[in-house]
Amino acid sequence: MISITVTALVFGVVFLAELPDKTALAGLVLGTRYRASYVFAGVAAAFLLHVVLAVAAGSVLTLLPQQIVHAVTGVLFLGGAAMLLLKKDEGEGEIKKPADQSFWRVAGTGFMLILVAEFGDLTQIMTANLAARYDDPLSVGLGAVLGLWAVAGLGIVGGKALMKRVPLRLITQIAALLMLGLGVWSLYEAVAG
């Protein structure tokens, strides 16, 4: 059964953490050059693969004693918050334009770009942590996929307008604050449990 609470929490955390990431900018660039639906298909497939891998890794962590899981996820969340607060703003990279605009070429470009750029990324690590924390792989996976797809969709369709209205640094700080809260809570549960 899917927990709406866990799904919503994971969606919010992943969405805010991914919004200031290079992936949103890559989606924006691809979306301005190619048919948005083709780009989204490739990007969405890559994110789905990443979430499946992250949830599987997090589910393995649930086999450990709860106090250890809480301590490890707490430290990792605090590390993620620090990474968000300390990282420098990244410019958009050069994206090679496919020779043609066919579905498979454009979707393949989006898929490969995200597959490589997001492997071991903060949101993939966060998703594994959340899967370990909540021991609810379906709800965590659904929340993470929807959060990543929402960011990709925003980036592809209208990311430029959002970035003009909401400072990227503010989005990053909100995501870091959420991760800090999750880290402190996890460490508290490790000590109190």
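## Helices and overall layout

Helices here are DSSP runs of H or I with at least four residues, strands are E runs of at least two, and both are numbered from the N terminus. Phe11, for instance, sits in helix α1. What you have is a predicted model, in which local features need pLDDT of at least 70 and side-chain atom pairs count only at pLDDT 80 or more, while totals for chains, interfaces and linings use all residues. Residue numbers start from 1 along each chain as its sequence is written, and side-chain values use heavy atoms, with hydrogens and water left out.

The protein chain has eight helices and zero strands, so its pattern along the sequence reads α-α-α-α-α-α-α-α. Take a contact as heavy atoms within 4.5 Å. Of the contacts with a separation of 6 or more, 93% link residues 24 or more positions apart.

## How confident is the model?

Confidence comes as pLDDT, the predictor's score for each residue from 0 to 100. The chain averages 80, and 82% of its residues reach 70 or more. Among the elements, α1 has the highest mean (93) and helix α2 (residues 22–33) the lowest (70).

Then there's the stretch at residues 91–96, where pLDDT stays under 50. The model has nine contacts beyond four places in sequence for those residues.

## What's inside

Buried means under 20% relative accessible area, exposed means over 50%, and partly exposed is in between (1.4 Å probe, protein chains only).

A nonpolar core is a set of buried Ala, Val, Leu, Ile, Met, Phe, Trp, Tyr and Cys residues joined through side-chain atoms within 4.5 Å. The largest one has 28 residues, and Val10, Val39, Met126 and Val140 have the most contacts inside it. Helices α1, α3 (36–61), α5 (103–118), α6 (122–134) and α7 each give two or more residues to this core. The largest share, seven residues, comes from α3.

## What's on the surface

Accessible areas come from the Shrake-Rupley method with a 1.4 Å probe; for residues, only the protein chains shown count as cover. The chain's accessible surface is about 9,700 Å², with 72% of that belonging to carbon and sulfur atoms.

Ile2, Ile4, Phe11, Leu138, Leu142 and Leu146 form a nonpolar surface patch with about 530 Å² of accessible area together. The elements giving two or more residues to the patch are α1 (4–18) and α7 (137–165), and α7 provides the largest share, three residues. Phe11 counts as partly exposed because its relative accessibility is 31%.

Key. Patch = residues over 30% accessible without salt bridge, like charges linked within 9 Å, V, L, I, M, F, W, Y side chains within 5 Å. Salt bridge = Lys/Arg side-chain N within 4 Å of Asp/Glu carboxyl O.
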